[in-house]
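Please consider the protein chain shown below.

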Amino acid sequence: MSQENVPSKDHWLSIGEIAGRSGVAASALRFYEDQGLISSRRTSGNQRQYQRSTLRRIAFVQAAQRVGLALSEIKQALDSLPDDRTPTRADWSRLSKSWRSRLDERIDELERLRDDLDGCIGCGCLSLQRCNLYNKSDRLAERGPGARILNVGIPGE
């Protein structure tokens with residue numbers, strides 16, 4: 001292998017360096033790796049090392065989570081990127097175009113939530129007569145009084 005094809009030491013970052021640069025805790029990075037969102041190699045001392053390009057993937061995961069997308073959706077998108085090279089602007093552009101309709105759906109959901117919260121607290125806990133979010137037509141009244149949704153899983157309920 002020629003010297004120009006060998007990644008420099010600077011090409012690989014330790015988990016601490018990636019955590020510091022990305023602002024994501026090392027435990028979250030290990031979780032992302034367990035979920036297949038990012039990958040690392042191991043040193044002879046079994047320490048994780050990440051390619052510098054992993055920072056872009058982490059930023060993408062954080063942005064997608066901020067808009068409320070599920071990790072499974074994020075993984076599916078990241079799986080469309082190449083493994084054997086750093087994704088290019090064209091790769092990222094193709095991915096973002098494929099997400100446009102999903103993001104539009106999410107925006108619509110958030111706008112409906114915002115608009116519907118004017119007349120309802122959204123949890124069904126008061127068994128309101130008119131709740132278009134969680135208690136349409138006061139269905140929860142059949143289960144009894146009080147915080148029917150909030151009480152799920154509470155002993156004695």
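The model is a predicted one, in which local features need pLDDT of at least 70, side-chain atom pairs count only at pLDDT 80 or more, and totals for chains, interfaces and linings use all residues. Residues are numbered from 1 along each chain as its sequence is written, and side-chain values use heavy atoms, with hydrogens and water left out.

The chain has five helices and three strands, in the order β-α-α-β-β-α-α-α from the N terminus on. Helices (H or I, at least four residues) and strands (E, at least two) are DSSP runs, numbered from the N terminus. Of the 157 residues, 30% count as buried, that is, under 20% relative accessible area with a 1.4 Å probe, protein chains only.

Two packed helices are described by the angle between their axes and the distance between the axes. Helix α1 (residues 15-22) and helix α2 (residues 26-34) have axes that come within 9 Å and cross at roughly 105°; the axes are lines fitted to C-alpha atoms over the stretch in contact, and angles run from 0 to 180 degrees between N-to-C directions. The two helices α1 and α2 are therefore roughly perpendicular to each other, a term for angles of 65 to 115 degrees. In their contact (heavy atoms within 4.5 Å), I15, I18 and A19 of α1 meet A26, L29 and R30 of α2.

The buried residues of α2 are L29, Y32 and E33. Their cover includes α1, β3 (48-51) and α3 (54-66). Just after α2, G36 takes a positive phi of about 80°.

Methods:
Parallel < 35°, antiparallel > 145°, perpendicular 65-115°, else oblique. Buried < 20%, exposed > 50% of the residue type's maximum accessible area, 1.4 Å probe, protein only.
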